[in-house]
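Student: Could we look at this structure together? I would like to learn how the words used for it are backed up by values.

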Amino acid sequence: MRISETVVFGGGGLERAAHLRGEPSVLKGFADDGTARAVVLWRGKPLVKRYGGTVTVGRLQCNHPVLSEARTPAVFLGMAESVPIFAYDISDWEPEDVDYSTLGAFLDPTEQRHPDLPPNETFAELRAVMVDMSPLDAELAATAKAVLSWHKSHRFCAQCGAQSEMAMAGWQRNCASCGGRHFPRTDPVVIMLITHGNKVLLGRSPGWPEGMYSLLAGFVEPGETIEAAVRREVLEESSIQVGRVSYLASQPWPFPASLMIGCAGEALSTEINVDPEELEDAIWVSKEELARAFAVENPKLLPARKGAIAHFILWNWLADRLD
């Protein structure tokens with residue numbers, strides 16, 4: 001798929017500069033001399049700056065007072081347009097009048113503003129702003145969110161249970177007790193455009209907005225190829241048998257740390273039998289019906305959210321741009 005990297009989070013030119021991760025004096029020099037900039041997250045929400053309809057990731061100087069709220073070392077993300085970028089987590093900061101009932105929801109609509117920042121800079125849910133970001137800003141936000149989330153959930157050694165420490169500028173955790181070394185994980189997930197003639201197989205999970213359907217998806221299991229995962233997941237969820245499978249595109253998905261692997265599959269059967277443990281419903285939808293849904297002319301069918309790889313694949317299937 002020639003346009004595969006135009007998907008949201010598909011890559012914006014961040015130079016990871018892995019050769020600098022083991023050079024703490026060099027990285028400290030970037031922060032001390034004022035050349036580096038900081039991407040800041042609060043409980044998974046990136047700091048964003050708004051100018052009209054444009055949303056950018058906030059980039060603070062590394063001596064900004066907001067960063068004093070950080071309780072863990074910064075992660076070196078790499079070089080963005082020749083500027084060193086670090087990610088800071090200030091989740092211990094307690095905003096005033098925050099609605100904690102919305103935190104951790106699928107799409108938290110609230111935004112938080114730090115008193116040391118201007119009004120147009122707030123902490124916002126990444127799902128809500130990702131489609132308004134440039135590819136570079138989206139990559140920075142996704143990378144920071146995924147790596148910082150990994151540090152939060154992997155503070156203890158998986159080998160001996162002792163507390164581990166951040167190393168290699170945030171791209172490793174080392175255990176002083178047993179010598180174990182641990183690295184950020186990414187979970188592979190297949191997401192499938194399963195077609196039969198002019199129709200595509202769509203499903204919905206419980207709790208989704210009324211009428212929303214998307215492509216079927218599932219985690220790749222140990223010892224399994226991508227193709228085998230596509231066939232197994234579709235069969236388990238809908239009883240549809242799949243033949244030929246081909247790769248389309250991939251999307252890093254930092255909620256919390258997945259790699260969505262978009263594939264196309266040819267259905268060998270059409271009778272749906274949904275596994276209620278996996279899906280609430282599954283249906284075959286024609287191109288004409290899906291086109292009306294994308295045009296908001298089908299009140300009974302809502303497509304996948306814009307920005308998700310499911311939306312990207314379905315949109316390009318309608319436009320015959322999957323080559």
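Predicted model: local features only at pLDDT ≥ 70, side-chain atom pairs only at ≥ 80, totals over all residues.

Student: Where is Ser82, and what is its phi?

Tutor: Ser82 sits in the loop between E5 and E6. Its phi is near 70°, which is positive although Ser82 is a residue other than glycine. Most residues other than glycine have a negative phi.

Student: What makes Glu81 worth a look as well?

Tutor: Glu81 is not a glycine, yet its phi is positive, at about 55°. Glu81 belongs to the loop between strand E5 (75–80) and strand E6 (83–89). With a relative accessible area of 67%, against a cut-off of over 50%, Glu81 is therefore exposed.

Student: How do you know what span to expect for helix H4?

Tutor: Helix H4 covers residues 226–238, which is 13 residues. The expected span is 1.5 Å times one less than the number of residues, and for H4 that gives 18 Å. From first C-alpha to last, H4 reaches 18 Å, close to the expected value.

Student: Which residues of H4 are called buried, and what covers them?

Tutor: Buried means under 20% relative accessible area. In H4 the buried residues are Ala229, Val230, Arg232, Glu233, Val234, Glu237 and Ser238. Their cover includes strand E11 (187–196), strand E12 (199–204), strand E13 (216–219), strand E14 (242–253) and strand E15 (258–267). Just after H4 comes Ser239, with a positive phi of about 70°.

Student: What is the volume of the largest pocket, and which residues are closest to its centre?

Tutor: Its volume is about 760 Å³. Of the 31 residues lining this pocket, Ile191, Trp208, Ala217, Trp253 and Met260 are the closest to the centre. E13 gives the most to the lining, with 4 residues. Helix H6 (309–318) is one of the elements that supply at least two.

Student: How many residues of each class are in that lining?

Tutor: The lining has 19 nonpolar, 6 polar and 6 charged residues.

Student: What kind of peptide bond joins Phe255 to Pro256?

Tutor: That bond is cis, with omega near 5°. Pro256 is in the loop between E14 and E15. Most peptide bonds are trans.

Technical notes. Residues numbered from 1 in each chain as written. Heavy atoms only, no water. Buried < 20%, exposed > 50% of the residue type's maximum accessible area, 1.4 Å probe, protein only. Contact = heavy atoms within 4.5 Å. 1 Å grid on protein atoms, 1.4 Å probe; cavity = no way out; pocket = protein on both sides within 12 Å on 5 of 7 lines; lining within 4 Å. Points joined across faces, edges and corners; volume = space filled by probe spheres on them. Nonpolar A, V, L, I, M, F, W, Y, C, P; charged D, E, K, R; others polar.
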